[in-house]
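Morning, everyone. Let me put one model on the screen and walk through it briefly.

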Amino acid sequence: MQRQVHLGDICCQEEFDTNETSTADIAANAPRYRRKSSTFIDGIHDVPEDGDRAPAQLYSTMSGRLFHSGRIAIVMVGLPARGKTHIAVSLARYLQWLGVKTRIFHLGDYRRATVGQGGHVPEDYFYPNASPSSVVLRQKILKKCREDIYGWLNHENGQVAIYDAVNPTASGRRSLAKEFAKHDVQTLFLESYVDDENLLRENARNVKIGSPDFANMDPDEAAKLYLTRMETKIPTFETMDEKELNYIKMINAGQTFFYNNVSFNYISHRIVFYLTNTHIKSRATFFVRPGTATEEESYKADAPLSEEGLKYAKVMTETVIKHREQERASRIAEGGADIPLRPLTVWCSTRMRTLQTADVFKDLGYKVRQRSQMAEINPGVCERLSERAIRRLYPEEVEKHELDPYHHRYPRAESYHDLAVRLEPIILELEREQNDLLIIAHESVLRVLYAYLMHCSTMDIPNLKFPRNEIIEVIPGAYQNDAKRIHIPGLDPRTVPGSPEDIRIPVPDSAADTPVPLPGGGLSAPAIPPITIEKPPEKVVNTAAEAVRDKIADED
């Protein structure tokens, strides 16, 4: 059994009462139908009004639109279980990270909101020769969805609207492009085409077979049954070959790309560049701190690991390896395929403490790669200064820092915004990585990379905590990523506290015990005394995942 902790312990998000409330109910009773999103509770779908989820935004404009690129509709194309929603959510996360106002409109949400809780669409709903009643229902749903797209682009200064639906026919896509053009919206079609049977079954297993229809079935048989049902429900699908349209065809999760006329603005090129660096294959990303150094409080001194740090590196390595083996055994016990573990790649910065922490993996034959961009945040003149000294020497800077700890920088220091911009190449490489990935880095770097994957607010990033007695695992999901904590047993309590060189007011006490949870959320350790016994992984309770449970068997 896995012990559970609330999502608020990881990434602070708005709280919504989801008890006995379906997505369809929320949508139907919203002040304006489908104005916000598909779930109303997770940051990747609900763009906050204050725009605090753009950690790497370089500049702002009066209109809120960037790069002189106007308004763009990205239209997803593809049959179910092809990874469309996964790609849409990943792309929205990246564009929002850059500051581009992006929102996803899932057509399936509008269908559920229209038919109501427990309702079902007619059997011929997706057929080209559907009955008149099905055609009327289909047009009603499409109209509501597109009205919201236009309303957001025209009246809320939206820049990129991602329209997530099957869009199976060439004639329908041509009509859609003409309709968007009438509203002065550029259209880019993005098709996820999959003909690899193994990849199709994996996608169906990972995303679609959580429906009660497939309870207690063998996962492979359930995936096969789901795909057969979809072929019956959507008998007609035409892959993209319209020469006059702008489109990208992503074949077999990024093995091959085909582009047509994609050259109309800067954002379109950024989208192409991002997509060539991403994929929809499942893998895990682990975040962990390096061991303690002999000069732990010094940024300038590239000190080696202390004796305690060397012991930590060995125990942490053993914990990661054991956890991965246990996860594999658990999947097999639950009826999953008996397949080997994915290879594990280790990334670390060029700092001595991270290199020596990674050396244990290197000695065991794991691939270790150094990343110079992953150096910790530069504390500038505040290095080695106590809280009292900082407040006495730089009272005005302290006041500015407390108002905006993400963007503020002390003299000769870096801000978290500077760090996020510096880490953009790492983010693209992280998206491209197909192996399981372990990142060994300073707490400030882990905060930014974790915030990207979990879509945390800029207000939360400086407060995320990564104590040394925990490994954080992030598992990609179609609608939102999930995270869990892995306890590292038997550590000296002195190795656990947060990094003393962090620029944070008040400056943490280097002799403090395990940090307690922050009042406003953020990644933090439970306030428990250090123990040496092993604990099972603590799964983060993702309330967003519960709220989108009705999407799992979606046909869109």
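Asn-265 sits in the loop between strand 7 (256–260) and helix 8 (266–275). Helices (H or I, at least four residues) and strands (E, at least two) are DSSP runs, numbered from the N terminus. This is a predicted model: local features need pLDDT of at least 70, side-chain atom pairs count only at pLDDT 80 or more, and totals for chains, interfaces and linings use all residues. Residues are numbered from 1 along each chain as its sequence is written, and side-chain values use heavy atoms, with hydrogens and water left out.

Is Asn-265 buried or exposed? Buried, because its relative accessibility is 10%. The cut-offs: buried is under 20% relative accessible area, exposed over 50%, partly exposed in between (1.4 Å probe, protein chains only). What does Asn-265 touch? Ser-69, Ile-72 and Gln-186, leaving out residues up to four places away in sequence. Contact here means heavy atoms within 4.5 Å. His-68 is 197 residues from Asn-265 in sequence, yet 8.0 Å away in space, C-alpha to C-alpha.

Now the core. A nonpolar core is a set of buried Ala, Val, Leu, Ile, Met, Phe, Trp, Tyr and Cys residues joined through side-chain atoms within 4.5 Å. The largest one has 72 residues. Its largest share, 9 residues, comes from helix 15 (residues 443–454). Ile-248 is among those with the most contacts inside this core. Partners of Ile-248 include Phe-257, Val-262 and Ile-271.

Last, confidence. pLDDT is the predictor's confidence in each residue, from 0 to 100. The chain averages 77. Residues 1–51 stay under 50. Where pLDDT is low, the predicted coordinates should not be read in detail.
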